[in-house]
Amino acid sequence: MPHLLIPSRQPVALSTLLVSALTLASACGAPVETPEAVQSDAIAYEGARLIIGHGEVIENGTLVVEHDRPVSVGGGSSGVVPEGAARVDLSGHTVMPAIIDTHVQLRETREERVEDLQRKAYYGVGVVLSLGRGASDIAFQVRDEVIPNAARYMTVGRGISRPEPGRNDIPYWISTEEEAKSAVVELAGQDVDMVKIWVDDRNGQYDKLTPELYEAVIDEAHRHGLRATAHIFSLDDAKGLLRAGVDAFAHGIRDMEIDEEGVALFQEHPNVVLVPNLPNRGVKED
């Protein structure tokens, strides 16, 4: 991240005018007032280890925040600190960008959901995206609130899949392209943050969304200005979704190693987001 320099706020012409005015006042016998101290709402956080978004780490860094936004970052005293800024000693601490958790399922009641979001914020998560259990009225109410000491909450609402009786009745169950488009229209009316689809036969237990069905969902989502994210399992489905214009994958491919064709498709769609789900704690054999 390049260092941001804050330009001087006292142009030469203004300084000259001020000196002339004081000289005139002195000549007329008027008392000369002492200039007020420069006021600034900037805060300089000094001495911390700074982890920058692109991976750089700065030891004993200075981070300047002004008008609630970072404006300068650098090592030691290299960050430009505005005159009159407050200074906060963060020696022994680490400052890093907030984590964005784009695949969560939080608990159901309002109290539980708020507690989950506050716990996320405590551990450095600034925003979460619910990808399956954020379909209730409570979810949308929480999303639209500003909750103290909590991560921001976003949701895909119900999401879309083929019928999965006995397993999950939250998503829209669709079997035709008309049902696919109708589900997206309803989701758009709820102002969801993304549209989610499940493309998975659950180890052969259910039919999964066909290319015709998920293409209809993705096209309709884009028509409403929404992005589409996909739960997947197989490499073949990932390839088909890339060709259909999917915007994100809710996690990685799990049936086999990706091949050269899959790599090429990802390269052809460089803006597609792949969410790197963290698995259970690793073991020696992993």
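Me: What covers the buried residues of helix 6?
Reply: In this predicted model, the cover includes strand 11 (195–198), helix 5 (211–223), strand 12 (228–231), strand 13 and helix 7.

Me: What makes helix 6 (residues 235–244) count as mostly covered?
Reply: Eight of its ten residues are buried. They are L235, D237, A238, K239, G240, L241, L242 and A244. Buried stands for a relative accessible area under 20%.

Me: Which residue follows helix 6, and what is its phi?
Reply: G245 follows helix 6, and its phi is positive, near 95°.

Me: Why is I258 called partly exposed?
Reply: Its relative accessibility is 38%. Buried needs a value under 20% and exposed a value over 50%, so I258, at 38%, counts as partly exposed.

Me: Where is I258, and which residues is I258 in contact with?
Reply: I258 sits in the loop between strand 13 (248–249) and helix 7 (260–268). Leaving aside neighbours within four places in sequence, its contacts are L235, I253, V263 and F266. One of these, L235, is also among the buried residues of helix 6. K239, another buried residue of helix 6, is 19 residues from I258 along the chain, and their C-alpha atoms are separated by 9.9 Å.

Me: Why does the span of helix 2 agree with its number of residues?
Reply: Helix 2 (residues 110–122) has 13 residues, and at 1.5 Å a residue it should span 18 Å. The expected span uses one less than the number of residues. The end C-alpha atoms of helix 2 are 18 Å apart, so the two values agree.

Me: Which residues of helix 2 are buried, and why are they said to line one face?
Reply: The buried ones are R113, V114, D116 and L117. Seen down the axis of helix 2, they fall within an arc of 160°, so they line one face of the helix. In general, an α-helix has 3.6 residues a turn, so residues three or four places apart point the same way.

Me: What lies on each side of helix 2?
Reply: The cover over its buried residues includes strand 7 (125–130), helix 3 (137–143) and strand 8 (152–155). On the other side of helix 2, E111 and Y122 are exposed. Just after helix 2 comes G124, with a positive phi of about 95°.

Me: Why is D68 called exposed, and why N149?
Reply: The cut-off for exposed is over 50%. D68 has a relative accessible area of 77%, so it is exposed. N149 has 67%, so it is exposed too.

Me: Which residues make the nonpolar surface patch, and why can I51 belong to a patch?
Reply: I51, V57, M96 and I99 make the patch, which is about 320 Å². Patch residues need over 30% relative accessible area. I51, in strand 1 (residues 43–51), has 31% relative accessibility, so I51 passes that cut-off.

How values were computed:
Residues numbered from 1 in each chain as written. Predicted model: local features only at pLDDT ≥ 70, side-chain atom pairs only at ≥ 80, totals over all residues. Heavy atoms only, no water. Helix = DSSP H or I, 4+ residues; strand = E, 2+ residues; numbered from the N terminus. Buried < 20%, exposed > 50% of the residue type's maximum accessible area, 1.4 Å probe, protein only. Arc of directions from axis to C-beta. Contact = heavy atoms within 4.5 Å. Patch = residues over 30% accessible without salt bridge, like charges linked within 9 Å, V, L, I, M, F, W, Y side chains within 5 Å. Areas by Shrake-Rupley, 256 points an atom, 1.4 Å probe, with all protein chains shown as cover. Salt bridge = Lys/Arg side-chain N within 4 Å of Asp/Glu carboxyl O.
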